[in-house]
Amino acid sequence: MMHPLSNGKEGEEIVVRCLDCHCDDVCRLNELGCVEGAQGRIISNQKNVILQLGEARLAIASTLAKTILVSSK
Amino acid sequence: MSKEPLTIALVGNPNTGKSTIFNALTGLRQKIANYPGITVEQKVGTSIIGGVLHKIIDLPGAYSLNYKKLDERIAYETLIGSYEHEEIPDLALVVVDSSNLDRNLYLATQVMDLGIPVMLILNMSDVAKGKGISINPDLISNSLGVPVVAISAKNKSDIDQLKQKISESDLEVPEPLKWGPDDSLKEAMNLLINEWIKPYTNIPESARSIEALRLISEGEFNNAFYQFEKEEKGKSTIKKARELVEKGGGNPMATEVLSRYNFIGECTSNASSITSQTKASLTDRIDAVVTHKVAGPVIFTLVLLFMFQAIFSWATPFMDMIDLLFVEGGNWVANTLPEGMLNDLLVDGVIAGLGGVVIFLPQILFLFFFIYVLEGTGYMARAAFVMDGFMTKVGLHGRSVVPLMSGFACAIPGIMATRTIENWRDRIITIMVLPFMACSARLPVYALMIAAFIPSTTILGIFTLQGITFFGLYIFGIVMAVLAAFVMKRIFPTGQQTPFIMELPAYKMPKWSVVFQNTAERGKVFITEAGKIIVAISIVLWFLASFPKTEMPVLTQTDNTEYNSSFDVTENPESYQLRHSFAGQFGKIIEPVIEPLGFDWKIGIGLITSFAAREVMVGTLNTIYSIEEEDGESSTLKEKLINDVNPETGQPVYSIATAISLMIFFALAMQCMSTIAIVKRETNSWKWPTAMFVYMTALAYLSSFIAFQIGSNL
């Protein structure tokens with residue numbers, strides 16, 4: 001079941017399913033390793049989200065997190 | 001390897017230890033210069049490898065060559081040799097974080113497509129080991145087709161191993177497109193290259209495939225292409241190329257990225273393994289507190305408070321020592337050299353002017369030390385994350401936090417750091433408000449005024465009123481920056497919003513040698529750059545304050561009524577001479593304009609000279625007060641200010657209201673030619689620096705006026 005990253009819970013293991021954001025933002029997320037199929041863990045979700053992807057830890061604005069669709073692993 | 005000197009470029013993601021390697025390779029043989037034609041710092045050094053002196057360039061950190069930020073563009077354009085007088089590097093050392101291999105290799109695969117020899121450096125191999133990650137460099141090397149060396153830049157032996165590997169390198173160019181784009185993407189690339197890029201642009205051959213991939217992915221031109229002819233042809237070709245990718249079942253926006261990551265996955269799956277996985281790392285535990293929505297901002301404020309209190313308290317003994325050194329040195333020169341103009345020039349001009357500024361070197365060193373420590377530990381990125389919500393509300397961006405904090409040291413690196421902000425509107429607002437951040441050049445003025453006029457009362461057992469005032473001035477700068485941004489947000493048109501996204505590096509102990517080396521470098525820049533201006537201005541000022549030579553009339557008390565407008569019998573001859581000098585006359589002309597702010601003509605001269613650079617103010621006051629000082633006297637500038645009396649009114653020149661008014665003026669006025677110049681270069685227009693100068697100086701005048709008028713009537 002897909003849901004926006006912004007709705008994820010702290011500690012939740014997720015798989016990135018779809019990047020439904022502006023082209024520029026998709027590029028930036030891709031460069032940082034946030035590509036479709038990438039697996040990660042939500043470290044913190046207090047409006048803005050901290051997402052652990054592999055060994056990279058990404059801080060993502062809530063507006064952007066709403067456009068990243070993920071599913072629970 | 002060739003015995004010819006080579007140009008070697010260090011390229012890599014941010015926080016991969018690139019600069020540590022650069023420092024280890026070059027030692028003290030490095031300098032900070034500007035890229036040709038743009039005011040962007042370029043770190044260049046030399047290193048003797050295999051008996052040959054090579055040039056080493058430390059490129060700005062970049063996540064990819066599909067640049068979105070100026071930093072990334074610089075890295076890319078250096079690698080393809082876009083800059084005049086800057087040749088294409090002979091070797092690219094791609095530095096990757098071994099503990100985050102897949103993500104870092106994305107950039108490496110792009111650099112490998114540029115047709116230059118590449119060597120991969122797996123840095124932080126000790127960190128990777130600590131996380132249970134083991135990597136086989138030989139397997140990585142076989143998969144990628146480039147030499148690979150695993151090191152920890154902290155170890156000297158590893159740096160020697162790296163040098164050895166470089167000296168043995170055969171400088172072979174890696175196979176292009178090794179990551180294997182599918183047929184439809186290859187076809188689309190060829191179409192774009194052959195039908196538009198090759199015939200109609202001057203993009204170098206080595207960069208054509210990267211440019212083609214970028215155009216396919218983005219689907220539109222960026223600024224770099226506006227100058228080329230046949231724009232319509234270019235647009236229709238891009239459209240055709242994207243259609244080819246779509247026909248092949250791919251998404252033009254993602255095909256390249258996914259292909260690269262698939263290739264990287266294949267390379268690393270056999271060559272690296274994780275043997276242990278700790279559930280909650282130290283970084284997790286610290287982040288739970290430091291990035292908390294309530295605790296985070298509180299911690300950020302406490303960090304700033306501690307930093308500024310420490311700068312003020314810890315630097316004091318060193319400042320006292322320097323002060324004593326210059327006072328004693330001045331006395332020694334005065335007593336050793338024969339009396340005359342040279343003696344006056346050296347003692348009252350050069351030594352006094354320079355001493356007035358060098359005294360603040362300890363505080364500046366402490367300030368930069370703290371900033372480099374915060375950067376080195378990984379806290380700066382957290383500060384940006386924690387403050388993003390607030391920053392967005394006031395019209396700034398989370399990414400504005402780091403440039404604004406750099407502005408505490410100096411507006412110039414701060415303004416250059418705004419290059420990481422992609423959105424032009426966010427960037428220009430950050431640039432326009434950044435000079436409100438209390439830079440180190442203001443520090444001498446604040447420190448002098450606070451030490452002279454604010455009591456050192458202890459508060460809550462650990463803080464002093466002086467320290468809190470000092471902190472308050474920094475907070476005042478932040479508040480004014482926020483208010484200005486809030487207003488500008490409503491003035492500037494809203495464009496495409498760029499949401500906050502940033503990598504948070506793992507917490508680590510800063511590399512102390514790098515911290516100390518960078519701090520010392522900044523101290524050296526302060527002394528040499530500011531010193532040059534200060535010595536020049538001090539000499540000119542000494543001349544203006546010493547000439548024309550005017551003898552004080554010898555009068556009795558009863559004659560005073562006749563000459564009371566020109567001198568006071570209680571006045572000393574030096575003070576009389578100063579008042580009638582060129583500087584004195586000019587100061588008197590501008591005095592009516594600054595009198596409502598509580599400033600006399602001597603402060604006025606300081607304000608004029610400090611428009612060159614803020615720190616010149618203290619040197620100017622020191623020169624003026626030294627010239628005015630009676631022969632045989634020697635006191636510190638602080639004592640001179642406290643004891644200065646207006647000969648016409650008999651009242652002290654400085655009150656607490658005057659000191660506060662002066663500090664507010666310095667907090668808000670745009671008094672830095674270098675900042676004006678850098679804003680012009682970064683915005684490529686005189687419009688923004690002019691607007692900045694006018695609005696900041698007007699705001700400074702108005703605020704100082706209000707502060708003095710209220711303060712003096714309390």
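Visitor: How does strand 2 of chain A pair with strand 3 of chain A, parallel or antiparallel?
Guide: Strand 2 (residues 13-19) of chain A and strand 3 of chain A pair in the antiparallel sense, over 3 bridges. Two strands count as paired if DSSP finds at least two bridges between them. Strands are DSSP runs of E with at least two residues, helices are runs of H or I with at least four, and both are numbered from the N terminus. This is a predicted model, where local features need pLDDT of at least 70, side-chain atom pairs count only at pLDDT 80 or more, and totals for chains, interfaces and linings use all residues. Residues are numbered from 1 along each chain as its sequence is written, while chains are lettered from A and ligands numbered from 1 in the order in which they are written.

Visitor: Which residue is the bridge partner of A:Glu13 in strand 3?
Guide: A:Arg41 is the partner of A:Glu13 there.

Visitor: And what about strand 6 of chain A?
Guide: Strand 6 (residues 68-72) of chain A pairs with strand 2 of chain A, antiparallel, over 5 bridges. A:Ile14 has A:Ser72 as its bridge partner in strand 6.

Visitor: OK, the two chains. How many residues of chain A are in contact with chain B?
Guide: 29 residues of chain A are in contact with 29 residues of chain B. Contact is counted when the C-beta atoms of two residues, placed from the backbone, lie within 7 Å.

Visitor: Which element of chain A gives the most to that side?
Guide: Helix 1 of chain A, with 9 residues. By class, the side of chain A that touches chain B has 14 nonpolar, 7 polar and 8 charged residues. Here Ala, Val, Leu, Ile, Met, Phe, Trp, Tyr, Cys and Pro count as nonpolar, Asp, Glu, Lys and Arg as charged, and the others, Gly among them, as polar.

Visitor: Which strand of chain B is joined to strand 5 of chain A?
Guide: Strand 12 (residues 501-503) of chain B is joined to strand 5 of chain A by 3 bridges, and the two run antiparallel.

Visitor: Switching to chain B. How many helices and strands?
Guide: Chain B has 31 helices and 12 strands. Of its 714 residues, 48% are buried, meaning that 20 or more other C-beta atoms, placed from the backbone, lie within 10 Å of a residue's own.

Terms used: A residue is buried if 20 or more other C-beta atoms lie within 10 Å of its own, exposed if 12 or fewer, and partly exposed in between; C-beta atoms are placed from the backbone.
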